[in-house]
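Q: Please take me through the model shown below, topic by topic, and give the cut-offs of each term where that term first comes up.

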Amino acid sequence: MLKIGLIGCGRISKNHFEAIARQPDAQCIACCDIIEDRAREAAQKYNISTWTTNYEQMLQNPEIDLISICTPSGLHPEHGILAARAGKHVLTEKPMACRLNEADELIAACDQAGVKLFVVLQNRLNPSIQLVRRAFEEGRFGRIYMITSNVFWTRPQDYYDMAPWRGTWELDGGAFMNQASHYVDMVQWFGGPIAEVKAITATLARNIEAEDTGSAIIRFQNGAISSINVTMLTYPQNLEGSITIFGEKGTVRVAGTSMNKIEHWEFADKQSYDDEIGKYNTNPSSVYGFGHSEYYRNLIGSSHGTAEQISTGPEGRKSLYLLEQIYTNNKPY
Ligand SMILES: NC(=O)c1ccc[n+]([C@@H]2O[C@H](COP(=O)([O-])OP(=O)(O)OC[C@H]3O[C@@H](n4cnc5c(N)ncnc54)[C@H](O)[C@@H]3O)[C@@H](O)[C@H]2O)c1
């Protein structure tokens, strides 16, 4: 039984508590939040034996094997490093850090302590995306020419005002770093090592430090070109979260609200699963998707040696590297 302590009982923690409860061989035994009511209420709601507002105290619990970090993004390295030093495995929500050097410190701390580091990139486990990955690994696309991703979502000012960390450079970043980070990850997962990045971003309508809208253009080392278009200002509601891959021998588009629906699937060769792509579509009620349960299943499987760990620290670092490139090669308005 994997025993888990969770820090940060805010919005995304619900997905973690529910996902952990679905695993027969994992249990959340402690939770922590600096807001006392949130820690207590989470413990009551999810039947967790201990709660605290003091993270260091939770870390002293020898029964805890793994800490799940659901605090604001800029705090992930600090909370992860403390957990690693206490000998706990670390799962961090995305992005693993807001700055690459801090991600490196987290990776190094986990390596030094001999603990595993997991970065939540749950959209990689969407059945639709797993099928595209299978086709990709089977070489069915041939050479990749272009990858585009659109994240046309709506985040009203109220959303940013819910917590003071949202939209700040120190703890969050903007539309690319927070809302679109899964899409940035997906583009680099299929595109590979990066050669060149250019971006234009702007804070057009929301009262936040970081961007609410932007476009990035990427050239990969294999020559493929990519564009990622992101806005949190779509009127009046979320419209699309998509990725389209154009290869020499195949074209695929996965859209829906969070890359959950295969809208186009065409390859020069034919495989038996091509006739069943409808089975791989899902219809999640929120843009977070269903992936957290799958993510914990992968985590437990990889801890038992029965599954390959889907996103390690160095894997999470790759998408953070692209995010940092987008921000540093950017013309903000
Ligand atoms: N995987 C996904 O699809 C997904 C979706 C949403 C959010 N996230 C990520 O999850 C993280 C949290 O986002 P959220 O929307 O739940 O934010 P939130 O503000 O709702 O929750 C964060 C919680 O952390 C607590 N906290 C802050 N500092 C703390 C500290 N020092 N010690 C203990 N608790 C502390 C806050 O009180 C709050 O309850 C972010 O990194 C975000 O990018 C991931």
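A: Two strands count as paired if DSSP finds at least two bridges between them. Helices (H or I, at least four residues) and strands (E, at least two) are DSSP runs, numbered from the N terminus. The model is a predicted one, in which local features need pLDDT of at least 70 and side-chain atom pairs count only at pLDDT 80 or more, whereas totals for chains, interfaces and linings use all residues. Residue numbers start from 1 along each chain as its sequence is written.

Q: Which residue of strand S14 stands opposite Ala 199?
A: Strand S8 (residues 194–202) pairs with strand S9 (residues 213–220) in the antiparallel sense over eight bridges, and in S9 the residue opposite Ala 199 is Ala 216. S8 is also joined by three bridges to strand S14 (residues 330–332), with which it runs parallel. In S14, the residue that Ala 199 faces is Asn 330.

Q: Which residue of S2 is the bridge partner of Ile 4?
A: S1 and S2 run parallel and are joined by six bridges. Five of the seven residues of S2 are buried, a residue being buried if 20 or more other C-beta atoms, placed from the backbone, lie within 10 Å of its own, exposed if 12 or fewer do, and partly exposed in between. Within S2, Ile 4 has as its bridge partner Cys 28.

Q: What separation do the centres of domain 1 and domain 2 have?
A: The protein is divided into domain 1 (2–119) and domain 2 (123–267 + 313–332), with bounds that come from an automatic or database domain assignment. Taken over C-alpha atoms, the centres of the two domains are separated by 26 Å.

Q: Which element supplies the largest share of the side of domain 1 that touches domain 2?
A: In domain 1, 16 residues are in contact with 18 residues of domain 2, where contact requires C-beta atoms, placed from the backbone, within 7 Å of each other. Helix H5 (100–113) and strand S6 (117–119) each give at least two residues to this side of domain 1. Its residues divide into 13 nonpolar, two polar and one charged, with Ala, Val, Leu, Ile, Met, Phe, Trp, Tyr, Cys and Pro counted as nonpolar, Asp, Glu, Lys and Arg as charged, and the others, Gly among them, as polar. The largest share, five residues, comes from H5.

Q: Why does Ser 73 count as buried?
A: Ser 73 lies in the loop between S4 and helix H4 (76–85), and its C-alpha atom is 5.6 Å from that of Leu 171, although the two are 98 residues apart along the chain. Beyond neighbours within four places in sequence, its contacts are Pro 95, Cys 98, Leu 171, Asp 172, Gly 173 and Asn 178. Ser 73 counts as buried because the number of its C-beta neighbours inside 10 Å is 24.

Q: Is Asn 47 buried or exposed?
A: Asn 47, in the loop between H2 and strand S3 (50–52), has a positive phi of about 60° although it is not a glycine. Met 259 also has a positive phi, of about 50°, but is buried, with 28 other C-beta atoms within 10 Å. Asn 47, because it has 10 C-beta neighbours inside 10 Å, counts as exposed.

Q: What omega does the cis peptide bond from Tyr 235 to Pro 236 have?
A: Lys 94 and Pro 95 are joined by a cis peptide bond with omega about -20°, and Pro 95 is placed in the loop between strand S5 (89–92) and H5. Pro 236 lies in the loop between strand S10 (225–231) and strand S11 (240–247). For the cis bond from Tyr 235 to Pro 236, omega is near -10°.

Technical notes
Contact = placed C-beta atoms within 7 Å.
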